[in-house]
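Q: Could you take a close look with me at one part of this structure, the pairing of strands? I'm new to this, so please spell out the terms as we go.

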Amino acid sequence: MSNTKTIRLERPGAPTDKTLNRLIGVLIAIIAIGLPAIGVIYYLDRHVDAGPSITGRAVITAEEAVRQYPNQLETRVVLAQAYAADDRPADAIAQYTIILGAEPVNTTALLGRGDLYRKTGQLGAAASDYQALIDVARDTEMANIDRALQSAYYGLGLIAMTQGRPDDAATQLANSLRIDRTDADALDLMGQALIAIGDYETAVEALRDAVAFVPTGWVDPYTHLAQAYEGLADQGGVAYANGMVALNDGRLDDADAALQPLVGGSHSRDALIGLGLTAEQRGDAAAAADFYRRVLAVVPDDFAALSGLSRVGVPATAPLSGSTP
Amino acid sequence: MTDIALTPDLDQSLPADAGTAPPDALGPEDRRRRRRRLAILAVLSVLAVVLLVFSGWYLLFRKPISLLPIPGFDLPPMPGYSYSLYGMGQPTGIAVTPDGSRIYVTQTSGEDAVLMLDGQGQVMAALQSPDTTTDHVFVYIAINPLTAEVYVSDRPAADVLVFAADGTFLRTFEPPASLVGWQPLGLNFTPDGHLLVTDLGANAVYEFDTAGQLLRTIGSNGMFNYPNAAAEDALGRLYVSDSNNGRLVVFGRTGELLGVIRRGPAAGDLGMPRGLEIDDQGRLYVVDNTDHSIKVYRTSADPVALPEFLGSFGEPGIGEGMFRFPNAVATDTRGRLYVADWNNDRVQVWTY
């Protein structure tokens, strides 16, 4: 057994501990001064103080107007709307309340405050404002085209659904759709209410109307449509709706897989339109046009197919490159 | 450091105080401390070098950190909203000096003048036509990269006006006799200083050399419908926003048609393309007026390839980062994009 021990000597010329400490101190100082300095230079160089946003500027202007004309209700309506746009619901509600104190039947204020109450979760107060608006507006000459009245009915429908009263919701939404039957939001909500009631057939009608107006970029109505078809035990309809959900989720292969087997069946037209939309999403205009023309070969005035062909820039009379339906 | 093995033999030759470490020898604790110091020194040195390199790079190029060229890392996919400049009415065209210190904005409501702003958005001057007898609507604007002169298209007068960088009116650009009656709209410069002009009269695009001589005409065969803008990339490909046909048409260096990016719902498809810009990173920006967004493409290194769609930014609305019918886009060399947000009466600045 070797009886050795090792000691380590400093190499001649190697920095001493003192030198190392000094170097460490210098580097720390460089970093401690340099980092904030370049940070400040970077911030000042790239930062521009642009002042208030558009909505902030609208609030400033409206506040100035109200200061000048405090008794002018129209000015306060503008201020309330500016507050609402600037995401200041409490201030907006306060302005609407002042307006309604002076003019209890101001429908703009009732609808504006009702919407803000609803968005902030004060559903009872919101329903009260909507109902007050309806009481004022429903028997007027313009009731059939009154957008504020339509919005109030829709608001009541939304609240009823939130509170688990689908029957009431369906009634209010029917009133809303009587004024604007192209309101896809109301149609979708009506579909949900009818599903909750168990009226799947009417729900399918409402939801198909909703997706006719907004065929892509909106998943919800297709999800609800799948539920409605499920209620009708229509598996083809369920597959179609799920295919469209996949399409709107951007899962194009899943969409194709769901829709292709439906071609030639009872949901053939829907599937072909869906496949056309999928082809459009892939940027394949020729394939999309083929799907649309296969629909037109059966239903020559099919609006969805005609508008699809228009989108892809192919004449409806051009010959098919594939098979017919 | 030097290791010395002390053998028993050698021990015998050592003086009486052998066995205790000499004054310059390091014990285990010293060595550990020293190693720690050296490690700290190494880390601090690396940090200091990184800081110095970044500081030098930033002071030299003035680009955002996200554009720091690190091998293996690509550019960030999309820029982010930074701030807005207000005080103009329906800004339609925009041009920016390379360092971003001067911003020229045309507007289609309010005063019929081109606003010259500083980098902070303060109005420095209003550029006006010397002709006060007719109406003027200034639409598109471009800066000559060789002379810094500012070119502005004037729709009702069917003129291209030329201003000095400080806003002084210099002259009206004179087209050749064959183009008398033209209706110039979109303006842009190629990297080598050639002027590109879109003409709504002939629905064509013209390229003029630095002396103002017509070099070529593209699209006079009825290909375009209301071409709003044209831009040329570093490889000589020409991009034309064929607005009312809802497409971007791409030509090769010799004018051959390479392809189109069409109107449609797929990613990268267009609605109504208007202004175009290519930045110093080779990215092509297309203003989609009806989609209220800016579509971003990467120009290809293959001279006959179409640009690759990278993504888009913006959505409809009045909030920050939202557009209402944007019309034009410009870039500086500091990683900033300037968008003429027409119906929001502002210029939005986005940065990487």
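A: Let's begin with the rule for pairing: two strands pair if DSSP finds at least two bridges between them. Strands themselves are DSSP runs of type E with at least two residues, numbered from the N terminus; helices, numbered likewise, are runs of H or I with at least four. Residues are numbered from 1 along each chain as its sequence is written, while chains are lettered from A and ligands numbered from 1 in the order in which they are written. The model is a predicted one, so local features need pLDDT of at least 70 and side-chain atom pairs count only at pLDDT 80 or more, whereas totals for chains, interfaces and linings use all residues.

Now find β9 in chain B, at residues 150-154. On one side of the story, 4 bridges tie β9(B) to strand β8 of chain B, residues 138-143, and the two run antiparallel. If you want a landmark there, look for I143(B), whose bridge partner in β9(B) is V150(B). The hairpin made by β8(B) and β9(B) has 6 residues between its strands. Among them is A148(B), with a positive phi near 65 degrees.

The other pairing takes β9(B) to strand β10 of chain B, residues 159-163. This pair is antiparallel too, with 5 bridges. Here S153(B) has V160(B) of β10(B) as its bridge partner. The hairpin of β9(B) and β10(B) puts 4 residues between the strands, and this time A158(B) is the residue with a positive phi, near 50 degrees.

Is β9(B) mostly covered or uncovered? Mostly covered: 5 of its 5 residues are buried. A residue counts as buried if 20 or more other C-beta atoms (placed from the backbone) lie within 10 Å of its own, as exposed if there are 12 or fewer, and as partly exposed in between.

Next, move back along chain B to an open sheet of 4 strands. Its order is β4-β5-β6-β7, and the pairing is antiparallel. Which strands sit at the edges? They are β4 (91-96) and β7 (123-127) of chain B, and each of them pairs on one side only.

Zoom in on β6(B), which covers residues 114-118. Strand β5 of chain B, residues 102-107, joins β6(B) through 4 bridges in the antiparallel sense. Across that pair, I103(B) stands opposite L117(B) of β6(B). The hairpin of β5(B) and β6(B) has 6 residues between the strands, and G110(B) has a positive phi there, near 80 degrees.

β6(B) also pairs with β7(B), again antiparallel and through 4 bridges. You can trace this pair with two sets of partners. M116(B) is bridged to A125(B) in β7(B), and V114(B) is bridged to L127(B) in β7(B). The hairpin of β6(B) and β7(B) has 4 residues between its strands, with G121(B) at a positive phi near 90 degrees. As for cover, 4 of the 5 residues of β6(B) are buried, so the strand is mostly covered.

There's one more open sheet of 4 strands to visit in chain B. This one has the order β3-β28-β27-β26, with antiparallel pairing. At its edges stand β3 (80-86) and β26 (326-331) of chain B; each has a single partner strand, so one side of each is left without a neighbour in the sheet.

To find your bearings, pick out D341(B): it stands opposite R346(B) in β28(B).

For a quick contrast, glance over at chain A, which has 16 helices and 1 strand. Its C-alpha trace spans about 100 × 70 × 50 Å along the principal axes. Of the 325 residues of chain A, 39% count as buried.
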